[in-house]
Amino acid sequence: MKQFVHYILLGLLLFSSLNTFAEDKDPIVFEFALRAEIDPRTSRLVENALNEATELNADYVIIDLDTYGGAVNDADKIRQLILDYPKPIFAFINKNAASAGALISIACDSIYMESGSNIGAATVVMGGSGEKAPDKYQSYMRSMMRSTAEANGRNPQIAEAMVDQDLVVEGVSEEGAVITFTTTEAIKHGFCEAEVTGVKEILERNNISSYELKKYTPPTTESIISLFLNPAISSILILIILGGIYFELQSPGIGFPIAAAILAAILYLVPYYLNGMAANWELIIIAAGLVLIMLEIFVVPGFGITGISGIVSLILGLTLVMLDNDYFDFTFVSTDSIATSLISVTSAIFIGGGGIFLFGHKLLDSPMFNKIALEDTLDSSADFLVTSYVGLTGLAYTVLRPAGKVKIDDQVYDATTEGDFISKGTPIEVVEQSGSTLKVRTIS
């Protein structure tokens, strides 16, 4: 019996020692930088960083903040992520927390500022002109600033006056000017705990002397995603999409062109989708545009409403994907962003379309293309074996722009023109043969 009691006491002692060891373990401090315009990319960065902090079971999170603001909807998303996070989050403002940056800072449990820093000036402005946005947006921002300040025990009137120039806070602001605090002023009015020089000093002020510091480094995949968000890269991908679809339809069964087009479409759309910029309805517009263009090329004769609608839909969809719009509300989208996106898409489409029209038939006839194209196989046992089609006549089976199909002796063949447009049903003559592709011209 005594021995049994001895084992129980020994077990309790061991359990107590393990608990003491766990309690003595250094807390994990997780730090990440938010030093850019607030947009879908930065909201994704914050979400990924906080997810990693959760996986590491971090005890504290520090945001190294320097931003002049950005999109209100993305700032709201970041605000919610911070407010919902179960562990303390400290904002280290180094040097600016303007507009959306002020909202993000106020959402943090504690705010620390470097000397010479500022916080405030949260009036909502139009993306294109920089002018003050309509009152409905100001009202929404005032509400967010007020409720966020209340959640963390800060003066909601001061937070609201950072948005509204007509709101006067006695002893703090005057009518006609929104509140923007220096470090000293922010400390005085409860919007900053202290002036610090770095993360170490923040931790010391919170009695954290021994800790394990983890810094967030975006994974390589995020760097790749950012690369494909570059408008120049987007233009190249659009060219590959259009070219791949065109050449696969001209020589069905090759596989390589359509595979390249699918890969380019994935690389174009997925980065924008992951960053919350490509909405489902925008993807539907792109798909509809492609379908209409294919119908115009291979089904509907001539060039009319189907083709024009397809081109307009494609340009619209590809452009909208690149913008942080709310349906057709572009209030917070800058004019520069709209212009850059539109130029990237239209230049790719018209350069690609022009190149296909002028040089597509030459590429189809080239030895390189014929090596990967499927050649027609002729049956040697046939009663009639044609060794050359040059000089034969027939009809355009489809529209040729400059490629399409022709019908000769009740057989359909791939054909191209020398760059001319030939309508369906037009009499044609074969002037040249390259592999399975015929070059034709209209018969005068």
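Colleague: Hi! Where is aspartate 409 found?
Modeller: Aspartate 409 sits in the loop between strand S10 (403–408) and strand S11 (411–416). Helices (H or I, at least four residues) and strands (E, at least two) are DSSP runs, numbered from the N terminus.

Colleague: And what should I know about the model itself?
Modeller: It is a predicted model, where local features need pLDDT of at least 70, side-chain atom pairs count only at pLDDT 80 or more, and totals for chains, interfaces and linings use all residues. Residues are numbered from 1 along each chain as its sequence is written, and side-chain values use heavy atoms, with hydrogens and water left out.

Colleague: Thanks. Is aspartate 409 buried or exposed?
Modeller: Aspartate 409 is exposed, at a relative accessible area of 64%. Exposed means over 50% relative accessible area, buried under 20%, and partly exposed in between (1.4 Å probe, protein chains only).

Colleague: What about the phi of aspartate 409?
Modeller: Aspartate 409 has a positive phi, about 50°, although it is not a glycine. Most residues other than glycine have a negative phi.

Colleague: Now alanine 121: which loop is that in?
Modeller: Alanine 121 lies in the loop between strand S5 (118–120) and helix H5 (135–151). Its phi is positive too, near 50°, and alanine 121 is partly exposed at 31% relative accessibility.

Colleague: Changing topic, which strands close into the barrel?
Modeller: Five of them, in the order S9-S10-S11-S13-S12, with mixed pairing. Two strands pair if DSSP finds at least two bridges between them.

Colleague: How many bridges join S12 and S13?
Modeller: Strand S12 (residues 427–434) and strand S13 (residues 437–442) pair in the antiparallel sense over six bridges. Isoleucine 428 faces threonine 442 in S13.
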